[in-house]
Amino acid sequence: MKINSTLLILALFAGVAGNCQKNLTPGYIVDNKNDTTNGFIDYREWYKNPESILFTSSKEKGLQKFLITDVSNFSISGKEQYKRYSVNISMARNNVSDIGGRDTAQRKDTVWLKVLLAGKNVQLFSYADDIKSRLYVLSSDEAVPVELKNTEYLSDGQLVSEKEYKNILLANAKKYAPENISLKNKIYTTGFYKNDIIDICYTINGIDKDDIKTQAKKEKSNRFAFWAGIGMNKGQIEIQGDRHYAGSKSNTLSPLFAGGFNILINPNTGRMFAGTDVSYTTYKADAFASVQYFASKESYYFKFKQANIALNETLNYNLYNGKSFKYFIGAGAGMNFSSYPLNQQIFVRETKSDTTTIINKNYFEFTKGFWLSGIIRTGISVKNVEASVSYIPGSTISSYKLHAMRNSSVRLQLNYLFKN
């Protein structure tokens, strides 16, 4: 299909543009001699802790690759900081489907830990690899961070959770906040959740809870962007099967009205975002067929209208991620809720002596009120304005085995983003 080729070319072009772009962000590195060098780090969407970074002291100079063995810590100014430590790393998987007997396997490795909280009493770090994400805590009187673990395994068919993290947090609470009874009670009852543990570490460090809430609210606000949009939808209704109109295709141009919101996966980089949108549009179909017999002629006239509300969920990536200009691609799935105000066939049988007309106002009996679809999209955003083209592949909107109608569309859309 021509539109598929067009979107593929756009995606490939975007991929080349994205790979060429460097996201140079102010930061610094500290080498093994404890010397600090200010400059720029190529800041990426790190879904696991990086094993190398690209750094330059000046945008006019080339990028240099640094490994964990070269850099003791580095920081992307105002965004993320990593410190090098040799730590024990648990190897047990924490997916429910992978849980079996008790697994105490671990490895010792030198890695960059991501700083989640730096405080006077305790520091909190995270480390993620292909196996899982982990949390580490470092007391001010210790030299090596300790992993906060919650070992889970099956014993006699029952799920056992050892909750080792509670003992470590309680020991730090006793050491640095011995009079805080409510803190100890909170540790006893808290689950193994990152945000709850960060909250506990804030309290151990003597940081006011109102400051925590203000910072959390700010971070949450920066993740969301609501938008409203309009556009044009080129929809196609195709009839398949053994009906008179098999092979018929009808194209319709109709207005598109949409609204939704985007959630940045990592607000610091702003590259990947999840999108949710609700849109309304309509589709039409007209088809004609006739059969000439010796003494008569039979004609069939079909008219069809569909009104559709779609809820689409997409995952998008800014391949070019400038401050004011972005170029993205995305894909996802949609839930569709449809009504059919017109679904009519007029049958006309003409003979030399008579004409018979039969009107069937529910010709396709098994149209779907709910159906699923896929979606791929690409587009650009300039400041608060986003322009995109989307392709929704063909989906069946009727459920009869011998014949079917399929709905597909191409959408041109213009959105305005209400950024915080």
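Is leucine 264 buried, partly exposed or exposed, and what is its relative accessible area? The structure is a predicted model in which local features need pLDDT of at least 70 and side-chain atom pairs count only at pLDDT 80 or more, whereas totals for chains, interfaces and linings use all residues. Residues are numbered from 1 along each chain as its sequence is written, and side-chain values use heavy atoms, with hydrogens and water left out.

Leucine 264 is partly exposed, with a relative accessible area of 22%; buried denotes under 20%, exposed over 50%, and partly exposed the range in between (1.4 Å probe, protein chains only). Leucine 264 belongs to strand S14 (residues 249-264); helices (H or I, at least four residues) and strands (E, at least two) are DSSP runs, numbered from the N terminus. Its C-alpha atom is separated by 6.6 Å from that of phenylalanine 224, 40 residues apart along the chain. Neighbours within four places in sequence being set aside, leucine 264 is in contact (heavy atoms within 4.5 Å) with Asn222, Arg223, Gly270, Met272 and Phe273.

Glutamate 386, in strand S20 (residues 385-396), is buried, with a relative accessible area of 4%. The side chains of glutamate 386 and arginine 377 are joined by a polar contact of 3.2 Å. A polar contact is a pair of N or O atoms within 3.5 Å; within protein, one must be able to donate a hydrogen and the other to accept it, and residues adjacent in sequence count only if both atoms are side-chain atoms. Apart from neighbours within four places in sequence, the residues in contact with glutamate 386 include Asn262, Phe328, Gln413 and Leu417.

An open sheet comprises 10 strands in the order S4-S3-S2-S1-S5-S6-S7-S8-S9-S10, with antiparallel pairing; two strands pair if DSSP finds at least two bridges between them. Strand S4 (64-67) and strand S10 (146-148) are the edge strands, each pairing on one side only. Within this sheet, strand S1 (residues 24-31) and strand S5 (residues 71-76) pair in the antiparallel sense over 5 bridges, and valine 30 stands opposite asparagine 73 in S5. The loop between S1 and strand S2 (36-42) holds asparagine 34, which has a positive phi of about 70 degrees although it is not a glycine. Most residues other than glycine have a negative phi. Asparagine 34 is exposed, with a relative accessible area of 60%.

Strand S11 (residues 152-155) runs antiparallel to strand S12 (residues 158-161), and 4 bridges join them. The bridge partner of glutamate 152 is serine 161, and that of serine 155 is glutamine 158. S11 and S12 form a hairpin with 2 residues between them, and aspartate 156 in the turn has a positive phi of about 55 degrees. Lysine 163, in the loop between S12 and H2, also has a positive phi, near 55 degrees, and is partly exposed, with a relative accessible area of 33%.

Helix H2 (residues 164-176) packs against helix H3 (residues 181-189) at an angle of about 175 degrees, with the axes 9 Å apart. Axes are lines fitted to C-alpha atoms, for helices over the stretch in contact, and angles run from 0 to 180 degrees between N-to-C directions. The two helices, H2 and H3, are therefore roughly antiparallel to each other, a term for angles over 145 degrees. Lys166, Leu169, Leu170 and Ala173 in H2 meet Leu183, Lys184, Ile187, Tyr188 and Thr189 in H3.

Note on methods. Parallel < 35°, antiparallel > 145°, perpendicular 65-115°, else oblique.
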